[in-house]
Amino acid sequence: MISHPKEVVTRAIVRLVSVPGLDKQAALITLDNGFDHKKPNSFGPAGLTSLDEAITTATAAAPAFIAVTGKPYIFCVGADITGIPFLQDRAQAVELGELGHRVFARLKDSAIPTFAFINGAALGGGLEVALHCHYRTVSGGAAALGLPEVAIGLVPGWGGSQLLPNLIGIPGAAQVILQNPLTQKTLRPKQAAELGVADVLFEPADFLESSLAWAAGVVRGEVEVIRPEVDKDMWDGVLYFAKQQLDEKLHGAVPSANKALELLALAKEASFADGTAAETQVLADLIMGDESRSSLYAFDLVQRRAKRPVGVPDAGLARKVTKVGIIGAGLMASQLALLFLRRLQVPVVLTDLDQARVDKGVAYVHAQIDKLVGKHRMDEGTAAKLRGLVSGSVDKAVFADADFVIEAVFENLDLKKQIWAELEKIVTPEAVLATNTSSLSVTAMAADLEHPERLVGFHFFNPVAVLPLLEIIKGEKTDDATLSTAFAVGKQLRKSSVLVKDAPAFVVNRVLTRFTNEVFRAVDAGTPLSVVNEAFDPLGLPMRPIALLQLVGPAVAYHVGETLHAAFPDRFTDSPNLKRIVDAGLPLLVDDELNPEVLALVEGGSAPSTADEVRENTLAALAEEIRIMLDEGVVAEAQDIDLCMVLGAGWPFHLGGVTPYLDRSGTAERVTGKRFLPQGVAGVPA
């Protein structure tokens, strides 16, 4: 029998409840692991066994109906993926798949009506157990619903790939099983009801009472549940289009996505038994594969390490922030103002060189607040409060009572030093000063200050509201109180913060600049831009190199490259072709294709490389740079670099960030003489 030695067991607790209008009682099975909502319910072997026993107990009571629900705010978030590393061989993975299928099928095959009362988050196996029930209600307060397995290198393995398309149709199923996971989206309760995943949506305040009454109506025949017939004529066409989209974006690099497509195709005509048997085999293959192990490693980084950053000083040292100052009122500064305003809900004041710029920045914040109200993501009362908290001025004296001041101005060291010198004469001695620099030295910036210990790097990624990473940079003299305050503010902003040493370009920009440097080294040597651009398709990166360069901005990339060239001239070179592109100011892509005018600018040498050579040389350069960064102590461990690349650069889960792939491919050992991660982590072989 498979076991998970560290499983936090989700118990299935049965109680019989009286429901008005029914002669018999109903059996209510509540999933509860004994913890609050911060530790969600999940299914490991013991949890599945508990559910199996609960179904037996409930059935024996001969109730009017059986209903499954969850503890407060949580239905169930799926399989306990922390147990996957304990699966030592494929046979154990098959056994786990078959166990889930057998237990869940009892709800589907039950002669007694079965209901799922989805009171909270329902993901993966949690949603699959609900899909096995004959009927489903959902609470408007449920945080998220979905089948996100493809995002972590797996597939819905307990019936989801077969049940969902035959319930809501193939377009909706493809969205939930493929599109949403690959874009890190889930369903909101209203969407789930509109798609037909749930039969009815109830308000959270009296959700259980409403669900019991509705279920009683169904059992009595007074409530008719009508589900549209699934259109199978469009099945093949939808999947053909989905396959084209996957090939275009991922180039075959994510096996789980293609396997999910195959299972969805099977669901059109296969019997449920055959379909779920195929699910089990596919799931077993993926569980034992490199991509799922890397994906689970990345998932663990995001869910655990990101919430417990390494090297953070005592939280008790953090100072309270009651007012925030922002130097600058451009787009980045205005985005920062909105973020601080929404999360901290304290006065936020912007300054800039003239009133017109200040007014434009404040107007941007007001416009974004109005958009949130229009999309029903903020109520008018909160919006009115936030509008009253944001202001602007051309006089830095408004920062006199600010506890936290951040600058977001042009990347020029002399300019930033001048700003801090002026500001130090205005703010209180306890005020924390933060720079949003992307590559400049925090230590150099603080060198002439009377209190250099209170300057800290606070590097956001654009767009500020979307990307969750925050690099917090410790200058040579930054003290613990400042660092602790910075991390406390980062947590309030709902960002994942990583402690970074004050080193050129920090983490994400340094790795990406080395990447871009090697790409243009090949271009300068004569490799066609088209070859270089497609060289990394086998990795399934979120963007090709030229699309990434266009997103970052060639001028910004070149500027960061200059900073790194000055620091490390042996590894970072100035590319004449990149300089020509920057000077021309032309868009790199036109209708998602390389701009012919840009292609005409490129002047190559006489030693072109193949796509494979470009990819191998670039990966070797990344391995070298990351090893140097770790030796320099830029971050505590390789895991922090992977976390930064996943959250700040969008590197995919199936690669585990960057170091697991460099280890598995042998690149790390070949280039640096050793691996980045311990054996067994993220599928790194012995």
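# Exercises on side-chain packing and charge pairing

Glu625 is buried, its relative accessible area being 1%. Here buried means under 20% relative accessible area, exposed means over 50%, and partly exposed lies in between (1.4 Å probe, protein chains only). The structure is a predicted model, in which local features need pLDDT of at least 70 and side-chain atom pairs count only at pLDDT 80 or more, while totals for chains, interfaces and linings use all residues. Residues are numbered from 1 along each chain as its sequence is written, and side-chain values use heavy atoms, with hydrogens and water left out.

## Exercise 1

Identify the salt-bridge partner of Glu625 and state which helices the pair ties together.

*Solution.* 
1. A salt bridge requires a side-chain nitrogen of Lys or Arg within 4 Å of a carboxyl oxygen of Asp or Glu. Glu625 meets this criterion with Arg514, their closest N and O atoms being 2.6 Å apart.
2. Helices (H or I, at least four residues) and strands (E, at least two) are DSSP runs, numbered from the N terminus. Arg514 belongs to helix 18 (residues 508-524) and Glu625 to helix 24 (residues 611-632), so the pair ties together parts that are 111 residues apart in sequence.
3. Arg514 is also buried, with a relative accessible area of 5%.
4. Both residues belong to a network of salt bridges that includes Arg510, Glu518 and Asp570.

## Exercise 2

Describe the salt bridges Asp52–Arg106 and Asp583–Lys579 in terms of sequence separation and accessibility.

*Solution.* 
1. The structure holds 34 salt bridges. In one of them the side chains of Asp52 and Arg106 meet at 2.6 Å, N to O.
2. This pair links distant parts of the chain, with Asp52 in helix 1 and Arg106 in helix 2 (residues 90-108), 54 residues apart.
3. Asp52 is buried, at a relative accessible area of 13%, whereas Arg106 is partly exposed, at 28%.
4. For Asp583 and Lys579, the closest N and O atoms are 2.9 Å apart. Both residues lie in helix 22 (residues 576-584), four residues apart, about one turn of the helix.
5. Asp583 counts as exposed at 54% relative accessibility, and Lys579 is partly exposed, with 32%.

## Exercise 3

Classify the ring pairs that Phe115 forms with Phe65 and with Tyr135.

*Solution.* 
1. Rings of Phe, Tyr and Trp (its six-membered ring) pair if their centres lie within 6.5 Å; planes under 30 degrees apart count as stacked, over 60 as edge-to-face and the rest as tilted. The structure holds 14 such aromatic pairs.
2. Phe65 and Phe115 are edge-to-face, at 5.1 Å centre to centre and 65° between the planes.
3. Phe65 lies in the loop between helix 1 (45-60) and strand 3 (66-70), and Phe115 in strand 5 (residues 114-118), 50 residues apart.
4. The ring centres of Phe115 and Tyr135 are 4.9 Å apart and the planes stand at 25°, so this pair is stacked.
5. Phe115 is buried at 0% relative accessibility, while Tyr135 is partly exposed at 23%.
6. Phe65, Phe115 and Tyr135 belong to one aromatic cluster, together with Phe117 and Trp214.
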